[in-house]
Number of protein chains: 4
Amino acid sequence: MKNQTNLNHHISQNEKVPFTNNAAFCIGTGRMNLALRHEYHKQLEKVQTEIGFKYIRGHGLFHDDMAIYQTYMEDGIEKEEYNFTYVDMVFDDYLSLNLKPFIELGFMPEKMASSGQTVFWWKGNVTPPADYDKWTRLVCATINHWIDRYGLEEVKSWPFEVWNEPNLNAFWKNADIDEYFKLYDVTARAVKSCHPHLRVGGPAICGVDDERWMRSFLMYCRENKAPLDFVTRHAYGTEMPENDGHYVYQKLRKPEEFMLEPLGSREIIDSFPEYKGMEMHITEFNTSYSPLNPVHDTNQNAAYIARLLCELGESSASYSYWTFGDVFEEAGVAFTPFSGCFGLLANGMIPKPTYFTYLFYKDLYETAVAKNDHFIITKNEHGDFRGIAWNLVLEENSEAASLSVKLSFEAEKGTYFILKKTVDQNHGNPLKDWLNMGSPSNPSKEQTALLRECAKPLITTAQSKVNDDILNFEFGLDANAVCFFEIKKITPQCDRGFNPKRIAGAI
Amino acid sequence: MKNQTNLNHHISQNEKVPFTNNAAFCIGTGRMNLALRHEYHKQLEKVQTEIGFKYIRGHGLFHDDMAIYQTYMEDGIEKEEYNFTYVDMVFDDYLSLNLKPFIELGFMPEKMASSGQTVFWWKGNVTPPADYDKWTRLVCATINHWIDRYGLEEVKSWPFEVWNEPNLNAFWKNADIDEYFKLYDVTARAVKSCHPHLRVGGPAICGVDDERWMRSFLMYCRENKAPLDFVTRHAYGTEMPENDGHYVYQKLRKPEEFMLEPLGSREIIDSFPEYKGMEMHITEFNTSYSPLNPVHDTNQNAAYIARLLCELGESSASYSYWTFGDVFEEAGVAFTPFSGCFGLLANGMIPKPTYFTYLFYKDLYETAVAKNDHFIITKNEHGDFRGIAWNLVLEENSEAASLSVKLSFEAEKGTYFILKKTVDQNHGNPLKDWLNMGSPSNPSKEQTALLRECAKPLITTAQSKVNDDILNFEFGLDANAVCFFEIKKITPQCDRGFNPKRIAGAI
Amino acid sequence: MKNQTNLNHHISQNEKVPFTNNAAFCIGTGRMNLALRHEYHKQLEKVQTEIGFKYIRGHGLFHDDMAIYQTYMEDGIEKEEYNFTYVDMVFDDYLSLNLKPFIELGFMPEKMASSGQTVFWWKGNVTPPADYDKWTRLVCATINHWIDRYGLEEVKSWPFEVWNEPNLNAFWKNADIDEYFKLYDVTARAVKSCHPHLRVGGPAICGVDDERWMRSFLMYCRENKAPLDFVTRHAYGTEMPENDGHYVYQKLRKPEEFMLEPLGSREIIDSFPEYKGMEMHITEFNTSYSPLNPVHDTNQNAAYIARLLCELGESSASYSYWTFGDVFEEAGVAFTPFSGCFGLLANGMIPKPTYFTYLFYKDLYETAVAKNDHFIITKNEHGDFRGIAWNLVLEENSEAASLSVKLSFEAEKGTYFILKKTVDQNHGNPLKDWLNMGSPSNPSKEQTALLRECAKPLITTAQSKVNDDILNFEFGLDANAVCFFEIKKITPQCDRGFNPKRIAGAI
Amino acid sequence: MKNQTNLNHHISQNEKVPFTNNAAFCIGTGRMNLALRHEYHKQLEKVQTEIGFKYIRGHGLFHDDMAIYQTYMEDGIEKEEYNFTYVDMVFDDYLSLNLKPFIELGFMPEKMASSGQTVFWWKGNVTPPADYDKWTRLVCATINHWIDRYGLEEVKSWPFEVWNEPNLNAFWKNADIDEYFKLYDVTARAVKSCHPHLRVGGPAICGVDDERWMRSFLMYCRENKAPLDFVTRHAYGTEMPENDGHYVYQKLRKPEEFMLEPLGSREIIDSFPEYKGMEMHITEFNTSYSPLNPVHDTNQNAAYIARLLCELGESSASYSYWTFGDVFEEAGVAFTPFSGCFGLLANGMIPKPTYFTYLFYKDLYETAVAKNDHFIITKNEHGDFRGIAWNLVLEENSEAASLSVKLSFEAEKGTYFILKKTVDQNHGNPLKDWLNMGSPSNPSKEQTALLRECAKPLITTAQSKVNDDILNFEFGLDANAVCFFEIKKITPQCDRGFNPKRIAGAI
């Protein structure tokens, strides 16, 4: 039998709790070349229409499949030339979708690389430049091209981040900290040489040996007067992976543990008088860092992210969910549409549960009146409430506990419309429907259409009358359910002669 | 406390029951001029994309707002000319949406009418022609224009029906039976004069004094050798109206009573040796004949229509639901989006419950294996089943009875995917959500979008293993619920390493 | 043999000539109910995408087919109610197309009218209200509904004009000037009673007895302190009509004569110290005021309007071309797509020549450097030029004179891109192509598609090098040709190895 | 001064000349992975909407970026698995666009290859399989997957071609003829093992040592009873390349020389009694075989292809223009939109002149009544004519010769509509307009939009009266112009009162 937890809370109109909603500031993406794909465009268009992120960040700007850096021989001398055909197509598309690039400067063009070490199925070169002058010219030529094409004012709004996760050998040869500082210094100065108001930051580290890296990086910048406009890092919520076939399984850390990383970095930054209060961008985050972990496709992921989003804005200017969609090739090409990849959307335009977490956060009001481990509640100037509640359950294989929520809202006399949208194991969970279908590797058009149809929250509405300044709102949440609710004062109208009591199913 | 009825049934693969699914043969529409509207086009496009009717029938072809019949004076003589601008726009649009017109020849152009009696807010003239030669020329000119524009082969596939409900004074002055026979005779011969293979029929009566009309009409045709290719009538399921403000309330007749009308006409037709087995088209049907009866917007209507659709095909070549959408002006302009109008869709592109009844019928297989007052079950050549079940409850204001259905399907050993889509009081019932919103007369864009989001069936999926030739499928239906289900044998796949047991919410 | 006129002109960078481009401020439309049509929506969407007007004005807000004003009997007393279903659909659509309504308050609901006099095929009632209190309540209810729905800030940006052409008996019974002043006074005060910042104006007269009307109106307002925020009038450029069948033929007045009307009204307004400099809106203008005059479909019309647009902004805050499209029913339903109706677009989404006049004006820069009877030339801050030239020929049946234009632009040394788009008898003149087709009344889908394909300007490009501060640009214009040109300094690029001399047809 | 050639011809209704129009049978494409791109999809959608090819053929099905062939280690043993995710996305898209794949079986997955030799920027492996059993399993697994997904009937309509241009070392290591025959034999039998009705062919050779290859291939098949359902080859019209920077320049061979290759192969095939009359598919053709030759972007190319298309159908069942669009990476990523690539469309959705050659051929009637080096004329059952004329000029840098065409058509008395669409140096030649713009490498959105606007044929219409059985039609063609014309008998209508003589610019 299921366990049940009870949660009671009174919400008053005038309470205020800290909450900064940066959920839609930035979103992650597969490598830049994938932005040329049709399915990618369609997914991003849907995401932008319905959620509307402001920035997008991904790898591979200087990877050879973007073809920017080119050389040729003339009179026995190697000459350089730059090809902006593809990057223009990508950025034109981003801008047309109301997205700005959060630029990651990397990886290394093969012809400029100091050695052959690569990362991912798509073989990004992760070695320092053989010649830093070539690198500088590449960075400057690229930025100047953007200034020509999009105007200085536009480019000034694009943050420039130097490289990705240099504290891992996988992404930066030998995780060589001094070499990274050199790269950072050279690159930051190159950016500023294009225009001093362009904004640059690093060190883009993940949570491995991160305290030492963060502290050393800031010391380096301070001592060398390296330009620094913001600090970046990543954060993931999983422990050691266990492999099985195409997949990876990992235990999720508790959200409280997850939060230690951004909070720790915040503390380090603030310990430097020069950098105290400086913007920190979490340029990647998610539960698992593996594109093969099925957790990404689950409603547990939706609940976990819902829990994080209510808190991350206090320390961080942004936290970029890694990634918006499943057009992604770091671990090769997925065999099935539910392959454990990072996306908010599965291929075939199928929203995963976490997609709805983002939809729900987009719809919150600005002012928070209550917040805890299970919900966040906001209000607007009319006294309407919007909130999100979740029931994150991390224990595997246990009898899942359901949560019973009883909220009492301070509300003036009148009539209220109550809206609730719920995503849980049985609603908005296409992974489960796909399993019921027999988990087809290559679903037919009809199966994919049905999965899209299934991938919707359960919506319920109600009307409530308040006579005594209290509106009671009770609901249950199954394990890993996430729900959005709105409580809105209304003035009911009634058309002449319209009598709901005489109409079947109306009340 | 609710009453519950239990229903048990065993379905074998090889049973066959009579069932002819003509649900999508024809659909009704508001008057032809409304087909020029933008909201009309969008609604019809949605209906055609998702349901796909073959024919469409409505009033007002010769009404003055279509501007076909024109006269002018030249040298002191009145001359006639015809303007096909609007009718071409309408028919071009229909054909582009894969719809053919089921032509209703009427009403009377004012300049040709014998008197000024009109029907509806839009004032359709319902009097005989002052000059039958003018009428004949009008009919012929119009049909010949269509043959020129669309080709004879196309026009041969359009049925021509003479007038609408002449057995009511409202639609035909004095309900003058002899005058109608004259009109029919003249018109049918005019049609045939354009091409002998064009198909013509009548008498398009409703259920008032219908036996006498039907019998007299057939006798007239026989005796006068009036051309007759098919017979038409209407059928509605409500009793006397009670008015209140903008609305009309009526008691629904039992479906068995409803069926007496088509079956009675069938019997009369078959009693004429010359006409035995002749196609009968029910060119209008619905619960209520009033566009002001809120029943049309309810899930009770969906259940009632579901009940009728399983049976009507046995007597009738078609039965045209009156109407596809709420762009309609017979009783004036509706004050609210849930105004009791006939449409499958409410204005604002909001599907009503009955819309889903049609979606469900569209997805049935051809061969029926079981059918009764509560369900129809079909199968395909692979042994997959698709069915529709409903729980029609007609008693007003009583404690609604729920229905518990237990079906056992003859099924070979293996794994099955089970899909269920349910429309009931709480799902796919936007009328209720609109009431909860405060029944706004003019919902905002956001409210309308939310209503569309609410107007979806609840979808559930499951997987079932059969070891012993029987698949048991049980479910409950609340009052006036309608559900669609599919039971399909599958061969589950499992990607290498994919382990649902390790994935939260997957099983 | 053709006559040819030569025109030489030197354009210097620093010359400035007066030019206010209000061409896209407002556009006319068929009556409001037609805004519910599908073809209307498509045409307006095209117009807004490509030209982008700010306001739209038409008749029929209170006409019965909009169904706003309703009455019913209760307890033997007539009660009023208002139905905003249709007007909301129309205004929602306008706003979604980035258009605001320029409200015309009229005509009279039948149930409120003092008598039965109507105008147009669609029978707009043009009589004073039988009861001015009813009218006041209607105006206020409607405006307050808009404030509720769209917000006060939005509605404050909508001008309110009282009635249409009251100086004609056709539009205002007996052209009763005192009755109009009463209507104006009551209505203006009603508008202001909704909010004092709402803006109201009149007298919406056309060019018949207009001086007396204008002067008397302003005197009335002054003496009675009737609210007045702007003045409105109409202006058309044709003389007496001659009828033939469905058509009307008229002589065009010279543009100079046309200009006398707005300039005369401007002078009258400015002669009142209280009203000096007050905004004047020409809420309708065109060549002919008849929707049956084929001139509207011609390239002569395009040249005539091009001529007017270069000058009207000096006296008038707006001048609303009557109308954007041919969904229009004042004179009934057109028998053919080139029926002499007002639209920039013919039905079937076919641009007429005047459509391009508007496209061309939209693309002008703000600052004018040269302007005369044959062209207007503007420049931007980079020294690029854009201009429009036309060759208006009014003489009928004469040997059309062609115009040879030689412009010399002051231009710094460098390379220039020259773009020219021409609409003349043989290009962008679908009327002529339709005549060549045999003037089919009801063109097929293929014929309509071909007409759209034909309805494009001839585009030519060139490159020019300037060595001596002068760029010479010569071109010819056939009778009634209109052309747009751009002269833009460029920095040619040349991809490595790309050699136009080796490429056929490249240079 | 220009030279002018005169061409006079009389066309009679009853003459018949041989002409088989297979222009739209098949079209070429960049490698399969590029079919996942957004720009690719948009271009292909346009091509299919406007031209409508039946088949599409390109390289790279088994290239590693399609990820079909995968291996992994289990218990120390290498195991194989197949990933159809991407190929399903591509073929689903093709089928949704009414295209069927003309399958080319190649190149070699790296893990299956016998050595590392690759072709193109994208590094297609062109070596034989290290293990022919692995290859056979790959071919069979892939085909069987398609049969599962799309049904046997569908797959039976897909031709299977074995490899690409094995007679070049670039495409097949050492151009090893015996190894190819082995590959062919193994592959053809693998195809047939999936189903005997699947159709297979080769040898897919280009014009190098082609006679020996063709003859030997047919002898091999005959002797070894290798399945063979059709023969394939390629044909290009250029001579030796000269390189300059990113570009390649070549002399065009005369069309008569070009034709020798298909005719020669036809003759060889027909010389084998077993294969006489067998279908020959030219699975690639174009002027130049280099994606760096600017000729592809010229109107000369359009004229050259027009010339070939009138003749190729006599020897060949298809001739697949290489390629539909410029999403293409064989020589890397283009620096500019006019990079000499093969496409009918340049990137940015800009039609090149040859696009119109295909549009024109699509619109021809089936029956040809006249054909020569300069035109092809067809007629339908009503006696309407449609033709294409061209003026191919191959001499570089010479004074281009214009062509004066005088056609006299046998035509019955009556009125005719004459339509002409012309593409020449000044119309439908966006390359020239782009050069005039300064040949920007990365045109802005506005520049690209203008190029699309320029890329249209000049359309002219006329009306002609025939009194004496002859319709004379004269027109001039500049160097490398291509024009389409239609001559159609019409019955002019004239709306009552419509008088073109009173309408400016109408006649």
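## Helix α11 of chain D

In this predicted model, the face of α11(D) that is turned away from its buried side carries Lys445(D) and Glu446(D), both exposed (exposed meaning over 50% relative accessible area, buried under 20%, and partly exposed in between, with a 1.4 Å probe and protein chains only). Helices here are DSSP runs of H or I with at least four residues and strands are runs of E with at least two, numbered from the N terminus. The buried residues of this helix, which spans residues 445-454 of chain D, are Thr448(D), Leu450(D), Leu451(D) and Cys454(D). Because they cover an arc of only 160° around the axis, they lie on the same side of α11(D), the arc being that of the directions from the helix axis to the C-beta atoms. An α-helix has 3.6 residues a turn, so residues three or four places apart point the same way.

The buried residues of α11(D) pack against elements of two chains, namely β23 (414-423) and β24 (458-466) of chain C and β18 (350-351) and α10 (430-436) of chain D, where contact means heavy atoms within 4.5 Å.

Residues are numbered from 1 along each chain as its sequence is written, while chains are lettered from A and ligands numbered from 1 in the order in which they are written. Local features need pLDDT of at least 70 and side-chain atom pairs count only at pLDDT 80 or more, whereas totals for chains, interfaces and linings use all residues, and side-chain values use heavy atoms, with hydrogens and water left out.

## The interface of chains B and A

Chain B and chain A each bring 57 residues to their contact, and together they bury about 4900 Å², of which 53% is on carbon and sulfur atoms; buried area is the accessible area (1.4 Å probe) that two parts lose on being put together, summed over both. Of the area that chain B buries against chain A, 13% comes from Asn436(B), Phe498(B) and Arg502(B), more than from any other three residues.

Across this interface there are 4 salt bridges, each defined as a side-chain nitrogen of Lys or Arg within 4 Å of a carboxyl oxygen of Asp or Glu. The side chains of Arg502(B) and Glu242(A) form a salt bridge with an N to O distance of 3.3 Å.

## Ile459(B)

Ile459(B) lies in strand β24 of chain B and counts as buried because its relative accessibility is 11%. Leaving aside residues up to four places away in sequence, Ile459(B) touches Glu453(A) and Cys454(A) as well as Leu419(B), Lys420(B) and Lys421(B). The C-alpha atoms of Ile459(B) and Leu419(B) are separated by 7.3 Å, although the two residues are 40 residues apart along the chain.

## The interface of chains A and D

Chain A and chain D each contribute 30 residues to their contact, burying about 2500 Å² between them, 49% of it on carbon and sulfur atoms. The count of salt bridges between these chains is 0, while 23 residue pairs are in polar contact.

Methods
Polar contact = N/O pair within 3.5 Å; in protein donor to acceptor, adjacent residues only side chain to side chain.
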